[in-house]
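Here is a friendly walk through a two-part topic: how the chains are built and how they meet. Please keep the viewer open as you read.

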Amino acid sequence: MDFGLSEEQEMLRTSARDFLHKECPKQLVKQLDESEKGYSPDLWEKMAGLGWMGLPFPEKYGGGGGSFLDLVVLLDAMGYNVVPGPFFSTVVLGGLAILSSGNEEQKKEFLSRIATGKLILTLALTEPSARYDAASIKTTAVAHNGNHIINGMKLFVPDANVADYLLCVARTKTTGKPENGITVFLVDSKSPGVKCTLLKTLARDKQCEVVFDKVSVPKNNILGGLNHGWQVVQDVLQKAKVAKCAEMVGGAQAALDMAIAYAKERVQFNRPIGSFQAIQHYCANMVSDVDGSRFVTYKAAWKVSEGLPAAFDVAVAKAWTGSAYGRVTLMGHQIFGAVGFTMDHDMHLYYRRAKAGDIMFGDSAFQRKIVAQELGL
Amino acid sequence: MDFRFSPQEEAFRQEVDDFIKKELPSNWVEESLYWPGGYGTIPDFEGLSPAGERFRLRLAEKGWLAISLPKEYGGSGRSHIEQAIFHERLSYQRAPGPGVATLISAPTILQFGSDEAKREWLPRIARGDIRFWLAYSEPNAGSDMAAIQTRAVEDGEDLVIDGQKTWSSGAHVSDYAWMLVRTDPARPAHKGISLIIVDNKSEGITIRPLINICGFHSFNEVFFDRVRVPKKNIIGERNRGWYYAMAALDFERLVVPIGGFKRTFEELLEWVKESKRSDSPVIQNKLAELAIDIDVAYMFFWQTAWMLDRGLMPNIEASVLKLVATELSRKLANTAVDVMGHYGELEGGAKWAPLHGRMCTGYLDCISALVGAGTSEIQRNIIAMRGLGFPWA
């Protein structure tokens, strides 16, 4: 057994944290959170220059030839620094889906442009039901003159406001099991009939409503085969859940570090508040939550990275980490008291993302249901 | 035992309901983002609305604004149970009205103030002519409130104040500071503090806004630079301010927005039914848990009022009430956002946002519930020391 990161992974983590500490200060985070676009093209370019966008793609597609586990290490560092922007949507939701399910032509076309930072992608999956099951896909795509015509509405689509392409999950067959009639289309966001409305959210994560009104998509833009789309979705969701956990682990660690530093420095009743047992116990609870999250997340990440069956581990990681991040940031707020309740403070950036991260791709209760299924219940 | 209201109490409850229905705009309860237990979304702090102001003055005319005061000072001398009924109904409608002046200052002046102070302040408070803000916390005096450093030094007929207050909720929409100042630095911390009323219009006061994480301007930091205040504005005896402030905690015991929890829960329940999520066992379980918690909190609320009317000291009950209610504030917000899922993440004003984005704002404001007016940690210390007789650790 080896629970440690490789030397390269340690280096990636340290260099990523250092880079973001310098290039993405909290002032910029707050500014981007409140902006319409939600990311800095300048920072985006620098990140691409470091090879981050292409990290998990093979070299022949212009990538860095890294593993999924390497990407998890990077996302952990990004979560620590709460980097706003469409990195997750582009690289995880778009890029990894194309890497797993795309044909050679699609990989060549998309992955190399993602790697250079020229393309922003996202996954348009959920609809007004806000559920992650196949039966909830009501958006339709009907064959017409060699193309498909998409009609319907997608809701809570991250970063659609800046995406060049949307991976639209649509129903292409209404008979039989709901899982067997779904197809994923690569839709150019500038296609006539695509309309995007930005929603103001808790974490300012640029979720959107996207309406598809008679949007025509060429046959070549089908990802993973006609009516085989649910497999594409399942595959990318599994990775996305672990990737989201990685961000949350980083964020929880940052919240813990901030809270501990403050507990040691803030003086009340003539001593640091960290000398009170109540505060010490909070910190002890936080550290067990953070470490527990890291262990289950990296185990799931390793399994996914190695191509091993991971349904149970992924659900455990998402259920635990989603709840734990919430508890850690709540305790963090409690330790900071009133000053943490101000917009100028940084803790709320983490507290907001904790809830958004828990909800994204199915909350803890949803994941526990999967755990129960995996237990044969 | 009898857990029903008496016929008189029932009639009073109806009277309060009818009054609110008549005097408060019908869309008020839906549009107010006030989160029960929170300090970041209190309607009056975000700016005084004409409708809220009108309602406040109508309360005053009725003798209900400072409902606990005797009639001679403009109150209505109601029992604790009746006060509890009044606050329950008001918070159920998220109605504006009572504040620091009516809930904290008025009963303190009544008990400890001179006759002159009573005549000067109480009728104006009861009429709704003046508003107070609570000037206790300082950058280095939070939970350790006795550590305040803002000084008041005698100079002829006046005191001259220098220092800084912070987390000053509503200072920007109030007329006077209800303020703790250090008047004798030579004495032990608790014994050198005085309670004083300071006019916001005094020269040397600077109020700077602090924006809270809900995005609201609810609190401020306030600077005092050689501010002159007449000595007669000291309430009670000089250097006894700490004890008055502690005693005032007893007056605030029933000021728990208990009805607000019920209202918000009912709205969540309604949303779950309308959006056809009621068949989920997970959601059913979460809502049932909330309903139970709210019922328990209500029992602490009525029990406290009942004890006060019998002259009993609800030391444990009142602290537990505050603790249970504020922790409920967080649980309600968290559960609501969980149950609503992605919809719970939408802020007011966003397309698709249910219930004006109330739950999303509540998820942020509930942070303040366990921090403001004595953190949960301080509440537990009080329960342990005052209620259970444990020594100070």
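A residue counts as buried if 20 or more other C-beta atoms lie within 10 Å of its own, exposed if 12 or fewer, and partly exposed in between, with C-beta atoms placed from the backbone. Ala373(B), with 18 C-beta neighbours inside 10 Å, is therefore partly exposed. This is a predicted model, in which local features need pLDDT of at least 70, side-chain atom pairs count only at pLDDT 80 or more, and totals for chains, interfaces and linings use all residues. Residues are numbered from 1 along each chain as its sequence is written, while chains are lettered from A and ligands numbered from 1 in the order in which they are written.

**Confidence**

For the complex, the predictor gives an ipTM of 0.91 and a pTM of 0.94. Chain B has a mean pLDDT (the predictor's confidence in each residue, from 0 to 100) of 93, and 99% of its residues reach 70 or more.

**Chain B as a whole**

Twelve helices and seven strands make up the secondary structure of chain B; helices (H or I, at least four residues) and strands (E, at least two) are DSSP runs, numbered from the N terminus. Taken along the principal axes, the C-alpha atoms of chain B fill a box of roughly 70 × 50 × 45 Å. The radius of gyration of chain B is 21 Å, which agrees with the value near 21 Å for a compact globule of 393 residues; the radius is taken over C-alpha atoms, and the globule rule is 2.2 Å times the number of residues to the power 0.38. Of those 393 residues, 48% count as buried.

Two residues are in contact if their C-beta atoms, placed from the backbone, lie within 7 Å. Among the contacts in chain B with a separation of 6 or more, 72% join residues 24 or more positions apart.

**Where the chains meet**

Between the chains, 27 residues of chain A are in contact with 31 residues of chain B. Strand S3 (147-158), helix H9 (311-336) and helix H10 (347-359) of chain A each supply at least two residues of the chain A side. The largest share of that side, four residues, comes from H10(A).

**Backbone details**

Ala373(B) has a positive phi of about 55° although it is not a glycine, and is found in the loop between helix H11 (358-369) and helix H12 (376-387) of chain B. Lys214(A), also not a glycine, has a positive phi of about 50°. Lys214(A) is in strand S7 (residues 207-218) of chain A, and is exposed, with 12 other C-beta atoms within 10 Å.
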